[in-house]
Amino acid sequence: MEYESPSQKGAIMKVPGPDHPIHVEANPKRVVVSVGDTKIADSRRTMTLREADYPPVTYVPRADAEMQLLKKTEHTTHCPYKGDASYFTIALGNRELENAAWSYEHPYPPALQVAEYLAFYPNQVTIEER
């Protein structure tokens with residue numbers, strides 16, 4: 001099912017269903033996100049988003065991330081199920097990991113639980129559950 005997004009004129013919002021399920025749940029484990037020896041985030045309040053056949057994605061509250069290491073970029077993407085994602089570059093001295101993290105700041109209803117949380121590309125950072 002599709003309907004127009006009330007917050008984003010012209011954007012089509014798709015409703016998850018049996019062919020494209022979305023489920024968000026609290027992760028009971030501690031999650032540490034790092035780049036080398038630098039800790040980017042450390043949280044016991046993460047959420048796991050499972051969507052269709054994609055690998056699960058861990059979302060970390062911004063309050064548990066080292067936001068001074070993250071620079072918001074102009075890059076955005078749109079998911080018809082979750083909404084518009086904003087991206088962040090991880091800045092570590094002279095090294096930058098461009099668009100290594102993303103966030104749904106104003107997600108569609110299926111992803112409301114991850115509003116203002118951050119997700120990280122596992123090929124750019126180390127994500128450990130402890």
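**Exercise 1.** For this predicted model, work out how the radius of gyration of the chain stands against that of a compact globule.

*Solution.* With 130 residues, a compact globule would have a radius of gyration near 14 Å, and the chain has 15 Å, which agrees. The C-alpha atoms, taken along the principal axes, fill a box of roughly 45 × 30 × 25 Å. Buried residues make up 45% of the 130 residues.

**Exercise 2.** Determine how many helices and how many strands the chain holds.

*Solution.* The chain has zero helices and twelve strands. Among contacts between residues at least 6 apart in sequence, 48% join residues at least 24 apart.

**Exercise 3.** Find the aromatic pairs of the whole structure, and classify each by its geometry.

*Solution.* A search of the whole structure gives two aromatic pairs. In one of them, tyrosine 59 and tryptophan 102 stand 6.3 Å centre to centre with 90 degrees between the planes, which is edge-to-face, since an angle over 60 degrees counts as such. Tyrosine 59 belongs to strand E7 (residues 57-61) and tryptophan 102 to strand E10 (residues 95-103), so this pair ties together parts that are 43 residues apart in sequence.

Next, the ring centres of tryptophan 102 and tyrosine 121 are 4.6 Å apart with the planes at 50 degrees, so that pair is tilted. Because tyrosine 121 sits in the loop between strand E11 (117-120) and strand E12 (126-129), while tryptophan 102 lies in strand E10, the parts tied together are 19 residues apart in sequence.

**Exercise 4.** Decide whether tyrosine 59, tryptophan 102 and tyrosine 121 are buried, partly exposed or exposed.

*Solution.* Buried means under 20% relative accessible area; tyrosine 59, at 1%, is therefore buried, and tryptophan 102, at 10%, is also buried. Tyrosine 121, at 30%, is partly exposed. Ring pairs link Tyr59, Trp102 and Tyr121 into a cluster.

Methods. Residues numbered from 1 in each chain as written. Predicted model: local features only at pLDDT ≥ 70, side-chain atom pairs only at ≥ 80, totals over all residues. Heavy atoms only, no water. Helix = DSSP H or I, 4+ residues; strand = E, 2+ residues; numbered from the N terminus. Rg over C-alpha atoms; globule rule 2.2 N^0.38 Å. Buried < 20%, exposed > 50% of the residue type's maximum accessible area, 1.4 Å probe, protein only. Contact = heavy atoms within 4.5 Å. Phe/Tyr/Trp six-rings, centres within 6.5 Å; stacked < 30°, edge-to-face > 60°.
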